[in-house]
Amino acid sequence: MYFKISNTAKLKEIEQDVNALFKYPDLYTPQVVISGLTEVSIPIVTMNEPNIVNLAIWGLLPGNFNEDWELFQKLTNTLTISAHKLDADIWYHESFMKSRCIIPVTGFFTSVLKNGEIYPYHISGKEGGILYLAGIYTILDDGFITCSILTGPLEREVVNYQNLVDYMPVIIDRNDKCDWFSGDTSVERTKEIMQPPHQTDLKIRPIARNLFNNDISYDSMLMPYEYPEN
């Protein structure tokens with residue numbers, strides 16, 4: 001469901017907000033819509049390099065995986081991973097314990113099914129700026145980083161704007177960033193950080209659906225759009 005995010009922030013805005021510098025600044029470009037359905041890299045800040053903004057392939061892969069990203073995503077989509085699965089004895093459990101990250105974005109998207117049609121909404125911080133999404137990551141044998149966005153229960157602001165699934169990306173409040181990154185943080189505290197409600201206030205607005213639903217991106221597509229009453 002959550003396979004599109006938005007990151008329109010300039011490089012310096014991200015660096016100042018997360019208090020970290022891009023490792024490869026020339027490779028970052030702001031984008032109105034980033035779709036994870038094709039292999040793409042997104043900025044992340046990791047536990048082991050909290051002062052560096054790395055670029056990671058969106059879609060978690062096992063650290064020892066040496067085949068194509070596309071093949072793995074066809075077998076099991078890891079653009080997002082549900083937080084309630086992190087306790088399971090599964091290959092990404094270790095990433096939750098030792099390789100957490102934040103994914104800075106300026107927004108993400110949700111949808112409402114109404115009268116047989118899909119209506120998209122853009123979710124951002126109430127005051128604008130950058131949101132921190134919870135993530136986990138792996139480092140492959142060739143040095144590339146892969147990541148996944150963690151999902152959890154709906155924030156109160158989102159409940160009326162999401163009726164296709166009952167989850168959304170987990171938001172990390174700024175005052176929880178240090179605990180999220182710390183290897184000394186208990187499992188119980190880490191789970192607590194992920195639970196809503198969060199202090200980060202959200203703004204939700206409808207956007208034009210025809211082009212968005214057809215994966216067409218343009219600069220003004222995040223402008224508020226008023227749908228006629230059905």
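## Close-up views of a predicted model

**View 1. Arg 189 and its salt-bridge partners.** Let's start with Arg 189, which is partly exposed, with a relative accessible area of 22%. In this predicted model, Arg 189 meets Asp 179 in a salt bridge, with their closest N and O atoms 3.1 Å apart. Arg 189 belongs to helix α5 and Asp 179 to helix α4, so the pair ties together parts that are 10 residues apart in sequence. Asp 179 is also partly exposed, at 30%. A network of salt bridges links Asp 176, Asp 179, Arg 189 and Glu 192.

View 2. Welcome to α5 (residues 187-194), where Thr 190, Ile 193 and Met 194 are buried. Seen down the helix axis, the buried residues fall within an arc of 100°, so they line one face of α5. They pack against α3, β7, β11 and α4. On the face turned away from this buried side, look for the exposed residues Glu 188 and Glu 192.

View 3. Lys 12 counts as exposed at 54% relative accessibility, whereas Glu 15 counts as buried at 9%.

**View 4. The open sheet.** Five strands line up in the order β3-β1-β8-β9-β13, with antiparallel pairing. β3 and β13 stand at the edges with a single partner strand each, so one side of each is left without a neighbour in the sheet. From one strand to the next, the twist averages 30°. Between β9 and β13 there are 5 bridges, and Tyr 121 has Pro 206 in β13 as its bridge partner.

How values were computed
Residues are numbered from 1 along each chain as its sequence is written. This is a predicted model: local features need pLDDT of at least 70, side-chain atom pairs count only at pLDDT 80 or more; totals for chains, interfaces and linings use all residues. Side-chain values use heavy atoms; hydrogens and water are left out. Two strands pair if DSSP finds at least two bridges between them. Helices (H or I, at least four residues) and strands (E, at least two) are DSSP runs, numbered from the N terminus. Axes are lines fitted to C-alpha atoms, for helices over the stretch in contact, and angles run from 0 to 180 degrees between N-to-C directions. Buried means under 20% relative accessible area, exposed over 50%, partly exposed in between (1.4 Å probe, protein chains only). The arc is that of the directions from the helix axis to the C-beta atoms. Contact means heavy atoms within 4.5 Å. A salt bridge is a side-chain nitrogen of Lys or Arg within 4 Å of a carboxyl oxygen of Asp or Glu.
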